[in-house]
Amino acid sequence: VTPASRTVVGEIVAAGPRIGPALDVPPSSDVIHLERVRTADGAPVCHEDVWLPGWLGPEILDEVATASLYDALDQRGAHVDRAEQTIAATVLDPRTADLLEAPHHSAALHVTRTSYDVRGRVVEHAVTTYRGDRYDYRLTIHRHPRQESSR
């Protein structure tokens, strides 16, 4: 598929009591908020709210309109090394459903991700809602046999 994004909102806001701790910055700090609809071959797949620490600079808002967010982070020396992610079942609220061109209250996946760079700094906090009918989550799970201890 060909991925693309449509920016709904790009702004500088105060981190506040919820996003400040998620980005490991004081609540009064300026952060970058990006709201986008992600598409696959032109069809809406997910809605995402992304918050970035203000030290990345407001110019990143213009850059991600035409390029990859992670490429823009790389250009700033914020090379994403790992992320912690939580996935939960949900339903689409009317606004998100309209943005995703889906029925109100239809099944969806709610994904919260915090990404860290190679220095251990938080460089992204994202809340993404995926249409349940256009997203699969696949894992490969390995079971290693227990080693018997010798006595």
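## Salt bridges

Searching the whole structure gives 9 salt bridges. The structure is a predicted model, and the values in this report are computed from it. One of the salt bridges joins the side chains of Glu 63 and Arg 76, with an N to O distance of 2.7 Å. These two residues lie 13 residues apart and link distant parts of the chain: Glu 63 belongs to helix α2, while Arg 76 sits in the loop between α3 and β4 (80–91). Glu 63 is partly exposed, at a relative accessible area of 26%. Arg 76 is also partly exposed, and its relative accessible area is 23%.

Another salt bridge brings together the side chains of Arg 82 and Glu 84, at 3.1 Å from N to O. Arg 82 has a relative accessible area of 40% and is partly exposed. Glu 84 counts as partly exposed as well, with 46% relative accessibility. Asp 136 and Arg 138 meet through their side chains in a salt bridge of 3.2 Å, N to O. Both of these residues, Asp 136 and Arg 138, are exposed.

## The chain as a whole

The chain contains 4 helices and 6 strands. In sequence order they follow the pattern β-α-β-β-α-α-β-α-β-β. The C-alpha trace spans about 65 × 40 × 30 Å along its principal axes.

The chain has 151 residues, and 39% of them are buried. Its accessible surface comes to about 9200 Å², and carbon and sulfur atoms account for 49% of that area. Of the contacts between residues at least 6 apart in sequence, 54% join residues at least 24 apart.

In soluble globular proteins, nonpolar side chains tend to be buried together. In this model the largest nonpolar core has 14 residues, and the members that touch the most others are Leu 52, Ile 60, Leu 69 and Leu 73. Two or more residues of this core come from each of β2 (30–40), β3 (43–53), α2 (60–63), α3 (69–75) and β6. Helix α3 gives the largest share, 3 residues.

Apart from neighbours within four places in sequence, Ile 60 is in contact with Ile 32, Leu 52, Leu 69, Ala 72, Leu 73 and Arg 76. Arg 76 is the residue that forms the salt bridge with Glu 63.

## Helix α1

Which residues of helix α1 are buried? In this helix, made up of residues 16–23, they are Gly 16, Ile 19, Gly 20, Ala 22 and Leu 23. These residues lie on the same side of α1, because they cover an arc of only 170 degrees around the axis. Pro 17, Arg 18 and Pro 21 are exposed on the other side of the helix.

The cover over the buried residues of α1 includes β1 (3–14), β2, β3, β5 (107–117) and β6. Just after the helix, Asp 24 adopts a positive phi of about 60 degrees.

## Thr 39 in strand β2

Thr 39 is located in strand β2. Is this residue buried or exposed? Thr 39 counts as buried because its relative accessibility is 16%, under the cut-off of 20%. Not counting residues up to four places away in sequence, Thr 39 touches Thr 2, Pro 3, Ala 4, Ser 5, Pro 44 and Val 45.

## A nonpolar patch on the surface

Some nonpolar residues lie on the surface. Ile 87, Tyr 137, Leu 139 and Ile 141 form a nonpolar patch there, and together they have about 440 Å² of accessible area. Tyr 137 is found in the segment after β6 (122–131). With a relative accessible area of 46%, Tyr 137 is partly exposed. Asp 136 and Arg 138, the residues paired in a salt bridge, are both exposed.

Key:
Residues numbered from 1 in each chain as written. Predicted model: local features only at pLDDT ≥ 70, side-chain atom pairs only at ≥ 80, totals over all residues. Heavy atoms only, no water. Patch = residues over 30% accessible without salt bridge, like charges linked within 9 Å, V, L, I, M, F, W, Y side chains within 5 Å. Areas by Shrake-Rupley, 256 points an atom, 1.4 Å probe, with all protein chains shown as cover. Salt bridge = Lys/Arg side-chain N within 4 Å of Asp/Glu carboxyl O. Buried < 20%, exposed > 50% of the residue type's maximum accessible area, 1.4 Å probe, protein only. Core = buried A, V, L, I, M, F, W, Y, C linked by side-chain atoms within 4.5 Å. Contact = heavy atoms within 4.5 Å. Arc of directions from axis to C-beta.
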